[in-house]
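Hi everyone, thanks for making time for this. I'd like to walk you through a structure, so let me put it on the screen.

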Amino acid sequence: MVASAKGRGAWATLGTAVGFGSFYVLTGLGQMLVIAAGAGNIDLSIPAMMTLSGYLGMGVMGGEDGRILLGLALTLGLGLAGGAANLLLIRIFAIPPMIATLAAGLVMQSASIAYSRGSTAKPPPLLLSAALAHLGPFPLIASAALVLSLVIAPAMRRSVFGRTLLALGQNARAAYLAGLRTRPAHAAAYLLSGVFAAFAGFWLAAYSGGASLNMAEDFLLMSIAVVVLGGSRISGGAVSVEGLWGAALLLYLIVTLLNLWTVSAGLRYVLTGLIILLVLGLSGER
């Protein structure tokens, strides 16, 4: 990367990678919890949730600094509602998670289109300043992602919730027979995924200077790719929060490198996909 940029702005590039990679981490954390619950569990509503939360969060604030907390509270509530809607489709209507979350995402995306009417919701000045603020070369948003990572990593290893979720992913029947409360753990994974996606969408809209309908289009692939490339087991039962950060930075730097080489958008998607497949092949993931 430094060689390609000829030494210019190396620290700035790294800071941007950490900042934007933090959004991959935020969405990847929620996706990781869902995938950890076992084969078949996945959340495909993440990008639609991000877009809708970005629009509603910015819209309810109306550009006023005094309404930032209201916008954030609405965003987190929307994330909970989205996670609950996914659970309703999966639990009550017995729809496979892939179909259920995809359908819920389509409803959310339709709501975003209806709400936006082609406009771009702008953040309040104070929120925009906070989103763009830096600690040295690194944006503050990276601190939020780091704090959540530092909470989730030990929780997955030591808490009842984490151990139950991993046991559920390894063998659902054995976890049930062992007396573990698997249903609450499974529900919490989807609820947290919705909240993390909504939180990421809120800050991405502020970080980008406003919400837009295509602002989260890359996160469907990336939220899954960072989980798998980071070392978490796609069949569930094993996670790696530390690896999530490495995968997020790798993927963002790959995209940045292709942009530096002025690769067209279509070819960039193809090359990114091939690189992901290559890394998975080299890691032995099946």
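The lining of the largest cavity divides into four nonpolar residues, six polar and one charged. Bear in mind that this is a predicted model. About 30 Å³ of space lies in that cavity, and a search of the whole structure finds one cavity of 30 Å³ or more. Who lines the largest cavity? Asp 43, Ser 45, Ile 46, Met 49, Gly 82, Gly 83, Asn 86, Met 108, Ser 193, Gly 194 and Ala 197 do. The elements giving two or more residues to this lining are α2, α3 (68-92) and α9 (182-207).

Let's stay with α2 for a moment. Helix α2, residues 46-61, packs with helix α4, residues 97-116, at an angle of about 30°, and their axes are 8 Å apart. The crossing of α2 past α4 is left-handed. On the α2 side, the contact includes Ala 48, Leu 52, Tyr 55 and Leu 56; on the α4 side, Gly 105, Met 108, Ala 111 and Tyr 115 are among the residues they meet. Sorted by type, the residues of this contact come out as nine nonpolar, six polar and no charged.

Now over to helix α1, residues 10-36, where Tyr 24 lies. Is Tyr 24 buried or exposed? Its relative accessible area is 3%, under the 20% cut-off, so Tyr 24 is buried. Leaving aside residues up to four places away in sequence, Tyr 24 touches Phe 219, Met 222, Val 226, Ala 248 and Tyr 252. As for Ala 111, its C-alpha atom is separated from that of Tyr 24 by 23 Å, with the two residues 87 apart along the chain.

Key. Residues are numbered from 1 along each chain as its sequence is written. This is a predicted model: local features need pLDDT of at least 70, side-chain atom pairs count only at pLDDT 80 or more; totals for chains, interfaces and linings use all residues. Side-chain values use heavy atoms; hydrogens and water are left out. Axes are lines fitted to C-alpha atoms, for helices over the stretch in contact, and angles run from 0 to 180 degrees between N-to-C directions. Helices (H or I, at least four residues) and strands (E, at least two) are DSSP runs, numbered from the N terminus. A crossing is left-handed if the near helix is turned anticlockwise from the far one by less than a right angle, and right-handed if clockwise. Contact means heavy atoms within 4.5 Å. Ala, Val, Leu, Ile, Met, Phe, Trp, Tyr, Cys and Pro count as nonpolar, Asp, Glu, Lys and Arg as charged, and the others, Gly among them, as polar. On a 1 Å grid over the protein atoms alone, a cavity is a set of points where a 1.4 Å probe fits but cannot get out, and a pocket is an open set with protein on both sides within 12 Å along at least five of seven lines; lining residues have an atom within 4 Å of a point. Grid points are joined across faces, edges and corners, and a volume is the space filled by probe spheres set on the points. Buried means under 20% relative accessible area, exposed over 50%, partly exposed in between (1.4 Å probe, protein chains only).
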